[in-house]
Amino acid sequence: MKKIVHLSSVHKRYDIRIFLKECVTLADAGYDVYFVVADGLGDEVKSGVKILDVGYGHSGRLSRMLKTTKLVYKKALELNADLYQFHDPELIPSGIKLKRKTNAVVIFDSHENYSDDIKDKPYLNKYIRVFISVIYEFLERIMIKKLSAVIAATPSICNHFSERKALSININNYPFESEFEPLEKSNDTKYSATYIGTASEIRGLKELVDSFAINDGLNLAIAGTFSEPEFETRLKSSEGWANVYFLGLLSRESVKDLLSKSATAIVTFLPAPNHIESQPNKMFEYMSAGLPLVASNFPLWKEIVEGNNCGICVDPSSPQEISKAILYLNQNKEIARKMGENGRKAVLEKYNWSAEAMKLLEFYSSVLDNKNEQK
């Protein structure tokens, strides 16, 4: 039985992509799977995956990058795996050391295009962001060639690494087919539109809330948390806030209930570098739930949303366009219902984890077979 070790110094042990999708898929396929984390919650075995905790004792990003990564690397080396898959860019040096010191396959699972992601960090000065992004891009080009392969979470990230001559494959972060059963739509459509997630500036919440100052009779439900107190104050000062129901964090069951009472679902992120080519989980979850979308008009998103006739794409910086689309879907209920059905059908046929799981297993088999041939 091949031993597989997944590594993270950042992510939670039950991370949906790492644990629930990749690790459990591999364990179900017969691999001996470990997931090394750093959260201080101790070791456990869950769904056939052995979770090993190196402890959580370092606060701050710099301390984590300098100390926690060493603990994760040490535990990984002790496990003597056939394949290591790590999920954080700060573990790239550890991955290179594992490749050098073992005979294992070592894979970087890139969840984001990190050079672009750095440019969006609000806690960094804009000039520092650009400087760090350039340095990271330069180092990534050099270091990535020392690894066995890269698994990418989107087609754009996969192309990014293919251009750098790295063996790469796209494993999309699509939802489970069973993640949202068809909703029992409530007779009481309480909310004209719903947004679920972090309420932040870069995700277009100011423009979204402003759009509810334009049409009387429309309202918006927000379920999640605010990114920062200053943005919360600004958002609540919008004229549109009078038509907002802020519900805070909700349980999975409460989310399903919220969606059952909603006419439309919103994904109007602003055009940051790391948004334009992303595939937000929420987009596919809304589609799976059978709700029509109002989404940003990025080319990839238009291909998904308008290409499957499951919503309307708008300029996310325009409250007027957002408001017009929400009003249209609320006034044209039969068209909205059909769009919702189209979205669910697209998830069941194309945008689901089952197909991605098969790609992951085939890729593992290929790289492990290639390793055996090279012995």
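Which residues gather in a patch of positive charge on the surface? In this predicted model, local features need pLDDT of at least 70 and side-chain atom pairs count only at pLDDT 80 or more, whereas totals for chains, interfaces and linings use all residues. Residues are numbered from 1 along each chain as its sequence is written, and side-chain values use heavy atoms, with hydrogens and water left out.

The positive patch on the surface is formed by Lys-67, Lys-70, Lys-97, Arg-100, Lys-101 and Lys-146. Patch residues have over 30% relative accessible area and no salt bridge, and like charges are joined within 9 Å; the areas come from the Shrake-Rupley method with a 1.4 Å probe, with only the protein chains shown counting as cover. Lys and Arg count as positive, while His and the chain ends are not counted, and each charge is placed at NZ of Lys or CZ of Arg. Helix H2 (61-79) and helix H3 (92-101) each supply at least two residues of this patch, the largest share, three residues, coming from H3, while Lys-67 lies in H2.

Helix H2 also holds Lys-75 and Glu-78, which are three residues apart and therefore separated by about one helical turn. Their side chains meet in a salt bridge (3.5 Å, N to O), defined as a side-chain nitrogen of Lys or Arg within 4 Å of a carboxyl oxygen of Asp or Glu; the count by this rule is 16 salt bridges.

Elsewhere, strands S13 (residues 293-296) and S14 (residues 311-314) run parallel and are joined by four bridges, pairing being assigned if DSSP finds at least two bridges. Leu-293 has Gly-311 of S14 as its bridge partner. Helices (H or I, at least four residues) and strands (E, at least two) are DSSP runs, numbered from the N terminus.

Definitions and conventions:
Patches are made of residues with over 30% relative accessible area and no salt bridge: like charges are joined within 9 Å, nonpolar side chains (Val, Leu, Ile, Met, Phe, Trp, Tyr) within 5 Å.
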